[in-house]
Amino acid sequence: MAALPLATAEVCDANADLIMNGELRALQPIFQIYGRRQVFAGPIVTLKVYEDNVLIREFLEEKGHGRVLVVDGGGSLRCAILGGNPVQQAQNNGWAGIVVNGCIRDVDEINGCDIGVRALNSHPMKANKKGIGEKHVPVTIAGTRICDGEWLYADTDGILISRTELTV
């Protein structure tokens, strides 16, 4: 189910109509690039948490089938909600990437993984473990509403969200 990675700038240039009607949206450029896979794409699974990583770990323990986990961590810069062990597990379980509206830690370990990771920044403190959050709900990150089942395309130029899978 892994999507074909597309150059985001080329996609924007070729799809002005989809941008105008809102079917193709670009996230504001607020994310740092982590992981060895700088270009990744796939169907989106959404999660909303705040300074808690239990549900993130649960998702990444599942088979990824080329999907991208989009986590709205509320933009918190007070702790990391994703670390090296779950990212390693995500790589091994076939996730294409993880986008976190929050912080990560274990950056050197994550940068050694063959998976795409985007996050606001890194932070040494760990998250809570209460298991509080919402799965498969619409989230708003970097100025864009993102729904479960939409498609994400990421490269070094940025991140695009599309209502449908795009082709070259």
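## Cysteines

Cys-12 is partly exposed, with a relative accessible area of 25%. Here buried means under 20% relative accessible area, exposed over 50%, and partly exposed in between, using a 1.4 Å probe and protein chains only. Cys-147 is also partly exposed, at 24%. The structure holds zero disulfides, a disulfide being a pair of cysteine sulfur atoms within 2.5 Å. The sulfur of Cys-12 has its closest cysteine sulfur in Cys-147, 19 Å away, and therefore too far for a bond. Cys-147 is accordingly in no disulfide, with the sulfur of Cys-12 as its nearest cysteine sulfur. In general terms, a disulfide is a covalent bond between the sulfur atoms of two cysteines.

## Basis of the model

This is a predicted model, in which local features need pLDDT of at least 70 and side-chain atom pairs count only at pLDDT 80 or more, while totals for chains, interfaces and linings use all residues. Residues are numbered from 1 along each chain as its sequence is written, and side-chain values use heavy atoms, with hydrogens and water left out.

## Overall form

The protein contains five helices and 12 strands. These elements are DSSP runs numbered from the N terminus, with helices being H or I of at least four residues and strands being E of at least two. The C-alpha trace spans about 45 × 25 × 25 Å along its principal axes. For 168 residues, a compact globule would have a radius of gyration near 15 Å, and the protein agrees with this at 15 Å. That radius is taken over C-alpha atoms, and the globule rule is 2.2 Å times the number of residues to the power 0.38.

Of the 168 residues, 51% are buried. The protein exposes about 7,800 Å², of which carbon and sulfur atoms supply 48%; accessible areas come from the Shrake-Rupley method with a 1.4 Å probe, and for residues only the protein chains shown count as cover. Among contacts with a separation of 6 or more, 75% join residues 24 or more positions apart, where contact means heavy atoms within 4.5 Å.

## Nonpolar cores

The largest nonpolar core has 25 residues, and those with the most contacts inside it are Ile-56, Leu-69, Leu-82 and Ile-98. Such a core is a set of buried Ala, Val, Leu, Ile, Met, Phe, Trp, Tyr and Cys residues joined through side-chain atoms within 4.5 Å. At least two residues each come from β3 (40-48), α3 (54-61), β4 (68-72), β5 (80-82), α4 (84-92), β6 and β7 (116-122). Helix α3 gives the largest share of this core, four residues.

Leaving aside neighbours within four places in sequence, Ile-56 is in contact with Leu-47, Val-49, Leu-69, Val-71, Ile-81 and Leu-82. Apart from this core lies another, of 18 residues, among them Ile-44, Ala-96, Leu-120 and Val-137. In soluble globular proteins, nonpolar side chains tend to be buried together.

Asp-106 is found in the loop between β6 (97-104) and α5 (107-111). Its phi is near 60°, a positive value in a residue other than glycine. Most residues other than glycine have a negative phi. Asp-106 is partly exposed, with a relative accessible area of 37%, and touches Gly-83 and Gly-84, not counting residues up to four places away in sequence. The UniProt annotation "binding site", from an unreviewed entry, covers Asp-106. UniProt positions are given in the numbering used here, feature names are shortened, and annotations may be inferred rather than shown by experiment.

Arg-105 lies in the loop between β6 and α5 and is partly exposed, at 27% relative accessible area. Not counting residues up to four places away in sequence, Arg-105 touches Ala-80, Leu-82, Gly-83, Gly-84, Ile-110, His-123, Pro-124, Met-125 and Lys-126. The C-alpha atoms of Arg-105 and Leu-120 are separated by 11 Å, with the two residues 15 apart along the chain.

## Two buried positions

Ala-142 lies in the loop between β9 (139-141) and β10 (144-146). Phi of Ala-142 is near 50°, again positive in a residue other than glycine. Ala-142 is buried, with a relative accessible area of 9%.

Thr-8 lies in helix α1, residues 8-14, and counts as buried at 5% relative accessibility. Not counting residues up to four places away in sequence, Thr-8 touches Tyr-153, Ala-154, Asp-155, Asp-157, Gly-158 and Leu-160.
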